[in-house]
Amino acid sequence: MPPKKKTHEVTLALEAGNAAMVDLGKMLGPTGANMRAVKVEYDEATSKSRGEIIPVVVSVYEDRSHTLVYKTPPTSFLIRKALGIQSGASNPLTQTVGTLSADQIKQIAERKLPDLNANDITAAVKVVAGTARSMGVKVAE
């Protein structure tokens, strides 16, 4: 049997365990995928991470079947969660919204490593620290 031909690939950032049909409809409506089936599959797979944002890549094929590939939460989301803040600084050059310890940065980097463009934990720590600084978060050395 020849491989299925992919017709669409959509990346969505949805709330874990509680994907909104409105968000799914906007992005998946034009693809012809079964939105209800995508929602149920996503909610079941991410139910243990409720309250987090878990991105997913939805691949839709000619026969309207689909596959889901789950990613790690966005770095900025993990930083905000670690600090307990709602958002980063509106002007990161002059404002500071918090300070991340070296341990917190390493934990975030370890969690993000599979999705980062980094070969080892040292490079991943640098990527996370850069994201934190761009949000107005001080990075403890």
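What follows is a short walk through this protein, from its overall layout to a few individual residues.

The model is predicted, so local features are described at pLDDT of at least 70 and side-chain atom pairs at pLDDT 80 or more, while totals for chains, interfaces and linings use all residues. Residues are numbered from 1 along each chain as its sequence is written, and side-chain values use heavy atoms, without hydrogens and water.

Let's begin with the whole. The protein has five helices and five strands; these are DSSP runs numbered from the N terminus, with helices being H or I of at least four residues and strands E of at least two. Along the sequence they come in the pattern β-α-α-β-β-α-β-α-α-β. Taken along the principal axes, the C-alpha atoms fill a box of roughly 55 × 30 × 25 Å. Of the 141 residues, 35% count as buried, where buried means under 20% relative accessible area, exposed means over 50%, and partly exposed lies in between (1.4 Å probe, protein chains only). Contact here means heavy atoms within 4.5 Å. Among contacts with a separation of 6 or more, 59% are made by residues 24 or more positions apart.

Now turn to helix α3 (residues 75-83). Its buried residues are Thr75, Phe77, Leu78 and Ile79, and what covers them includes β2 (53-61), β4 (98-100), α4 (102-112), α5 and β5 (137-139). After α3 comes Gly84, which has a positive phi, near 70 degrees.

Two packed helices are described by the angle between their axes and the distance between the axes. The axes of α3 and α5 (residues 121-134) come within 10 Å and cross at roughly 70 degrees. Axes are lines fitted to C-alpha atoms, for helices over the stretch in contact, and angles run from 0 to 180 degrees between N-to-C directions. The two helices α3 and α5 are therefore roughly perpendicular; the cut-offs are 65 to 115 degrees for roughly perpendicular, under 35 for roughly parallel, over 145 for roughly antiparallel, and oblique for the rest. Where they meet, α3 brings Thr75, Ser76 and Ile79, and α5 brings Val128, Thr131 and Ala132. These residues divide into three nonpolar, three polar and no charged (Ala, Val, Leu, Ile, Met, Phe, Trp, Tyr, Cys and Pro are nonpolar, Asp, Glu, Lys and Arg charged, and the others, Gly among them, polar).

Helix α4 holds Ala109, which is buried at a relative accessible area of 0%. Beyond its neighbours within four places in sequence, Ala109 is in contact with Ile121, Ala124, Val125 and Val128.

Next, the rings. Rings of Phe, Tyr and Trp (its six-membered ring) pair if their centres lie within 6.5 Å, with planes under 30 degrees apart counted as stacked, over 60 as edge-to-face and the rest as tilted. The count comes to one aromatic pair: Tyr42 and Tyr70 have ring centres 6.1 Å apart and planes at 35 degrees, so the pair is tilted. This pair links distant parts of the chain, with Tyr42 in helix α2 (residues 35-46) and Tyr70 in strand β3 (residues 66-70), 28 residues apart. Tyr42 is buried, at 1% relative accessible area, whereas Tyr70 is partly exposed, at 33%.

Finally, visit the loop between β2 and β3, where Arg64 is found. Arg64 counts as exposed at 55% relative accessibility, and its phi is near 70 degrees, a positive value in a residue other than glycine.
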